[in-house]
Each structure stands twice: as C-alpha cells, then as structure tokens.
Amino acid sequence: TSAINFGLHEAQLVLTDNGSGFDVTNWNAKAQKQTTQGLTGLQERVSLVGGTLSIKSSAKESVLKGTTLIISIPKTVSLESAKNNTKDSTNSVTLT
C-alpha cells in the first residue's frame, strides 16, 4: 500500500508491503557489501534534499509481517542544495 501525506512543513510518503521482511539493524552493513543500490541509494537521494528515510520491517510470522518505508521531505527544498548538496536557498520548490 502507499500513502502521501502533506503536513505543514513536510510531505511524507509511506510505502508498506506484506512481504518476507528483513533485519533492519543489519541492512546497511549488508548493503555496503553488495553492488546494488537499493535502499542505500534511496537513503542517499532522500538526504540530498534534506529528507529522512525510516525503515520498519518484521520477518516474524505475525500480522505485522512485511516492510514499511517512510520518506519525509521538507516542503521547501532548495534546488541548488539538492543539486550540489549545499545550503543555497536562492532557488526553491515548495510542495503544496
């Protein structure tokens, strides 16, 4: 499932599946050993625009089995900051 929420200061994308899940505490260490980008690439792109990525996952046999990604992005994003990863607010986009 997916949902997009617009708050006062940020937009939030929530993606949830009911797949097999994985151990979130070890995903970053395992990702560094692999050649694919996956969640690491997503986390890098989100951070470039000042956002955050939250990952919740459960591999246990339960009602909560699966993974949820929560991506939060500030409503005002500096284009130069996103492009160069610097703090330049001369050009910006506001999500509404």
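**Close-up views of a predicted model**

**View 1. The protein as a whole, in a predicted model.** Read along the sequence, the elements of the protein follow the pattern β-β-α-α-β-β-β-α-β, and the protein holds three helices and six strands. Of its 96 residues, 25% count as buried, while the protein exposes about 6,800 Å², of which carbon and sulfur atoms supply 55%. Among contacts between residues at least 6 apart in sequence, 48% join residues that are at least 24 apart.

View 2

**View 3. The pairing of strand 3 with strand 4.** Strand 4, which covers residues 66–74, pairs with strand 3 in the antiparallel sense over seven bridges. Within this pairing, threonine 52 has serine 72, in strand 4, as its bridge partner.

**View 4. Aspartate 23 in its loop.** Aspartate 23 is found in the loop that runs between strand 2 (10–17) and helix 1 (27–33). Its relative accessibility is 41%, and aspartate 23 therefore counts as partly exposed, a class that lies between buried, under 20%, and exposed, over 50%. Although aspartate 23 and serine 57 are 34 residues apart along the chain, their C-alpha atoms are separated by 6.9 Å.

Conventions. Residues are numbered from 1 along each chain as its sequence is written. This is a predicted model: local features need pLDDT of at least 70, side-chain atom pairs count only at pLDDT 80 or more; totals for chains, interfaces and linings use all residues. Side-chain values use heavy atoms; hydrogens and water are left out. Two strands pair if DSSP finds at least two bridges between them. Helices (H or I, at least four residues) and strands (E, at least two) are DSSP runs, numbered from the N terminus. Buried means under 20% relative accessible area, exposed over 50%, partly exposed in between (1.4 Å probe, protein chains only). Contact means heavy atoms within 4.5 Å. Accessible areas come from the Shrake-Rupley method with a 1.4 Å probe; for residues, only the protein chains shown count as cover.
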